[in-house]
Amino acid sequence: MSKAHIWLRAETKPLEERIALTPNVAKQLLDAGFKITVEESEQSAISSKPYREIGCDIQPAHSWREAPLDTIILGLKELTEEKWPLAHKHIHFAHVYKNQQGWKEVLQRFTQGQGQLFDLEYLVDENNRRIAAFGYWAGFAGAAVALKAFARRSQQMAPVLPKLASSKNQDTLVNEIKSLLALSDKPVKVLVIGAKGRSGRGAVEMAKSVGVQVIEWDIEETKVGGPFPQLLECDVVVNCVFVQAALPPFLTTEMLHQANRRLSIICDVSCDPYGDYNPLPIYDTCTTFSDPTLRLVEGDNPLDLIAIDHLPSLLPVESSEDFCQQLLPHLLQLDNLEQGVWQRANHTFNQKINQI
């Protein structure tokens, strides 16, 4: 039986530099007999050159619509908002299974075209644990930008956080934050919620790497249910909780206006303002690399929030390499979508389709 044809599409989300298939992983798939097509992309952190050198077919950006129908289209972020039917099998983060804004319209495109979605967020093992995630890097980058904002606030720099750009590597990012924090002798108190999860571990390690005090919360501290006034007693809160059911809010808008609030920066790494399960219902829109903060409270004691849904793009090469290595064993099983993570992802897709 011939192996599957995997088509790595160019990302369309602005400033998304990560990729769902690195050259190293592509080479292992080629060696296993898979056919690999890679679209040219001006925004990808890795050019098409190393893919061409190992034998991948190179095609223009966004040409996947013309690919044979048995091709598996691989990407990271959601597709652009269009209306034409989707006929291929797609693998990417669709962000539609928690009833996010526009979820029905997206899934209707699959039903109209008889395509299938294998959502990367729902590739899970037999114990319902995700088999590949950017979580660690989301937490790491989230803590980094939160501390950067705090350091700039302490120095009364404006804006509190300018337009963000990707860093060359982890060491470069750590040194940048250390340098900014060193400009002030003001101690920093950081609280990470969900500290034992992937994202939380990344956030904690980032904070410790720059030498700041970190308070680690996980299920034990949050099981009593919010709101949690203790969050107001920290300088920076980084929320890394992966929520799959409705929870009492961690904070309320009313709490943010307390006069004695110490909290000045929130980074919501979980970043789900459009879903029903958001434990931080104090904002209703994401921020971006171009405009990274949302001011929640004005005045002499302002409060800013960061809610960027692709934080690992701050370290696009390292985060992509890590993610693709996690995904590789399952990509090698793409010839049989009736087993393992692919079967479970398809079951989830069909369940959601029935809710339209």
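User: What angle do H1 and H9 pack at, and how far apart are their axes?

Analyst: In this predicted model, H1 and H9 pack at an angle of about 15°, and their axes are 10 Å apart. That angle makes H1 roughly parallel to H9, and the crossing in which H1 passes H9 is right-handed.

User: Which residues meet there?

Analyst: From H1 the residues are Asn24, Val25, Gln28 and Leu29, and they meet Cys324, Gln325, Leu328 and Leu331 in H9. Sorted by class, the contact of H1 with H9 has five nonpolar and three polar residues, with no charged residues.

User: Staying with H1, which of its residues are buried?

Analyst: The buried residues of H1, which spans residues 23-31, are Pro23, Val25, Ala26 and Leu29. Seen down the axis of H1, these buried residues fall within an arc of 160°, so they line one face of the helix.

User: And what covers them?

Analyst: The cover over the buried residues of H1 includes strand S1 (5-8), strand S2 (35-39), helix H2 (49-54) and helix H9 (316-331).

User: Which residues other than glycine have a positive phi, say around His95 or Cys271?

Analyst: Both of those do: phi of His95 is near 55°, and Cys271 has a positive phi of about 45°. As background, most residues other than glycine have a negative phi.

User: Where do they sit, and is each one buried or partly exposed?

Analyst: His95 lies in the loop between strand S5 (89-92) and H3, and it counts as partly exposed because its relative accessibility is 26%. Cys271 lies in the loop between strand S10 (265-268) and strand S11 (294-297), and with a relative accessible area of 11% Cys271 is buried.

User: You mentioned H7, so where is Thr222, and is it buried or exposed?

Analyst: Thr222 is found in helix H7, residues 219-222. With a relative accessible area of 19%, Thr222 is buried, because the cut-off for that class is under 20%.

User: What does Thr222 touch?

Analyst: If its neighbours within four places in sequence are left aside, Thr222 is in contact with Ile193, Trp217 and Phe228.

User: Last one, how do H3 and H10 cross?

Analyst: The axes of helix H3 (residues 103-113) and helix H10 (residues 340-353) come within 10 Å and cross at roughly 110°. That makes H3 roughly perpendicular to H10, and the crossing of H3 and H10 is left-handed.

User: Which residues make that contact, and what classes are they?

Analyst: On the H3 side the contact is made by Trp103, Leu107, Phe110 and Thr111, and on the H10 side by Phe349, Lys352 and Ile353. By class, the contact of H3 with H10 has five nonpolar residues, one polar and one charged.

Technical notes. Residues numbered from 1 in each chain as written. Predicted model: local features only at pLDDT ≥ 70, side-chain atom pairs only at ≥ 80, totals over all residues. Heavy atoms only, no water. Axes fitted to C-alpha atoms, helices over the stretch in contact; angles between N-to-C directions. Helix = DSSP H or I, 4+ residues; strand = E, 2+ residues; numbered from the N terminus. Parallel < 35°, antiparallel > 145°, perpendicular 65-115°, else oblique. Left-handed = near helix turned anticlockwise from the far one by under 90°. Contact = heavy atoms within 4.5 Å. Nonpolar A, V, L, I, M, F, W, Y, C, P; charged D, E, K, R; others polar. Buried < 20%, exposed > 50% of the residue type's maximum accessible area, 1.4 Å probe, protein only. Arc of directions from axis to C-beta.
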